[in-house]
Amino acid sequence: CDCPRVHRVLGIDMDAELTFAPLLSRSLAIGRAKFAELHNAAESSGLGPVVTSAQVLSRVEPAVLYGAPFFILADGAVAALNRMQAQWARSILGCSLNVHISWAILVAQCGWDFRLGARAWETAFVSLARLSVLPAGHPAARVAEAARASCLRTWFRTVRAMLRTVVPGHPILEIGFCPTLASDVARALECSASRKLALRRYRWEIVRPV
């Protein structure tokens with residue numbers, strides 16, 4: 001029907017096959033460009049690794065993770081994100097490319113609590129939770145309900161399955177099945193302020209520990 005192979009909606013590249021590979025590629029390019037800009041500015045200003053590492057969390061990561069709930073479904077997304085983050089760390093720490101250093105050590109040396117792939121998972125899982133605590137009449141809640149009832153492969157069903165498998169042996173509960181958040185979820189369905197509180201607790205008390 002002469003539709004474009006890739007269509008951009010609210011900054012998200014939707015490809016015809018819904019692989020989200022173009023979105024992943026663009027997000028990685030944005031991450032590399034923004035980090036290069038930050039690193040060059042930090043070097044010219046004489047800022048040390050501690051300040052530069054902290055600035056990555058506030059200036060670079062959010063731009064990369066904007067489309068994370070979608071591109072996390074792309075093949076190789078987590079490995080590509082972690083690889084890019086390791087390159088950031090090597091640049092900040094001045095590490096030789098010829099010396100093997102594990103991703104975990106590089107991330108720890110920069111003072112980052114999570115690898116970038118884990119942050120992408122977190123963003124997707126909290127997005128799923130956000131759909132679950134919307135009022136029943138909300139358009140997004142209606143779409144989620146249709147996806148939940150469908151037998152087709154949908155984003156909703158795929159991310160729900162990932163909750164159980166992303167950390168082997170440690171499934172992450174959906175927000176509606178967390179006993180400690182039951183009262184918060186009930187209030188969230190009626191109040192936007194309560195919704196934000198419930199999602200914040202879900203992120204910090206349920207998703208992040210796992």
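**Helix contacts, cysteines and a hairpin**

Visitor: Which residues in α6 do V78, L81, N82, M84, Q85 and W88 in α4 meet?

Guide: Keep in mind that we're looking at a predicted model. On the α4 side you have V78, L81, N82, M84, Q85 and W88. Sort the residues of this contact and you get seven nonpolar, three polar and no charged. Over in α6, the partners are L116, G117, A120 and W121.

Visitor: How do α4 and α6 lie relative to each other, oblique or roughly antiparallel?

Guide: Helix α4 covers residues 77-93 and helix α6 covers residues 116-132, and their axes are 7 Å apart. The angle between them is about 135°. To count as roughly antiparallel, the angle would have to be over 145 degrees. So α4 and α6 are oblique.

Visitor: And what about α7 and α8, are they oblique or roughly perpendicular?

Guide: The axes of α7 (residues 139-149) and α8 (residues 155-165) come within 8 Å and cross at roughly 70°. Angles of 65 to 115 degrees go in the perpendicular group. Therefore the two helices are roughly perpendicular.

Visitor: How many charged residues are in the contact of α7 with α8?

Guide: From α7 come A144, A147 and R148, while α8 brings F156, R157 and R160. Arg counts as charged, and Ala and Phe count as nonpolar. The contact divides into three nonpolar, no polar and a charged group of three.

Visitor: How far is C110 from the nearest cysteine sulfur?

Guide: A disulfide is a covalent bond between the sulfur atoms of two cysteines. Here the pair would have to be within 2.5 Å, and the count of disulfides comes to zero. C110 is in no disulfide, and the nearest cysteine sulfur belongs to C95, at 8.0 Å.

Visitor: Is C110 buried or exposed, and which is C151?

Guide: Under 20% relative accessible area means buried, and over 50% means exposed. C110 has 8% relative accessibility, so C110 is buried. C151 has 71%, so C151 is exposed.

Visitor: How far apart in space are E43 and I92, C-alpha to C-alpha?

Guide: E43 sits in helix α1, residues 21-45, and with 54% relative accessibility E43 counts as exposed. In sequence, E43 and I92 are 49 residues apart. In space, the C-alpha to C-alpha distance is 9.4 Å.

Visitor: Which residue in β2 is the bridge partner of H7?

Guide: Strands β1 (residues 6-9) and β2 (residues 12-15) run antiparallel, joined by four bridges. They form a hairpin with two residues between them, and L10 in the turn has a positive phi of about 50°. Across in β2, the bridge partner of H7 is M14.

Technical notes: Residues are numbered from 1 along each chain as its sequence is written. This is a predicted model: local features need pLDDT of at least 70, side-chain atom pairs count only at pLDDT 80 or more; totals for chains, interfaces and linings use all residues. Side-chain values use heavy atoms; hydrogens and water are left out. Axes are lines fitted to C-alpha atoms, for helices over the stretch in contact, and angles run from 0 to 180 degrees between N-to-C directions. Angles under 35 degrees count as roughly parallel, over 145 as roughly antiparallel, 65 to 115 as roughly perpendicular and the rest as oblique. Contact means heavy atoms within 4.5 Å. Buried means under 20% relative accessible area, exposed over 50%, partly exposed in between (1.4 Å probe, protein chains only). Two strands pair if DSSP finds at least two bridges between them.
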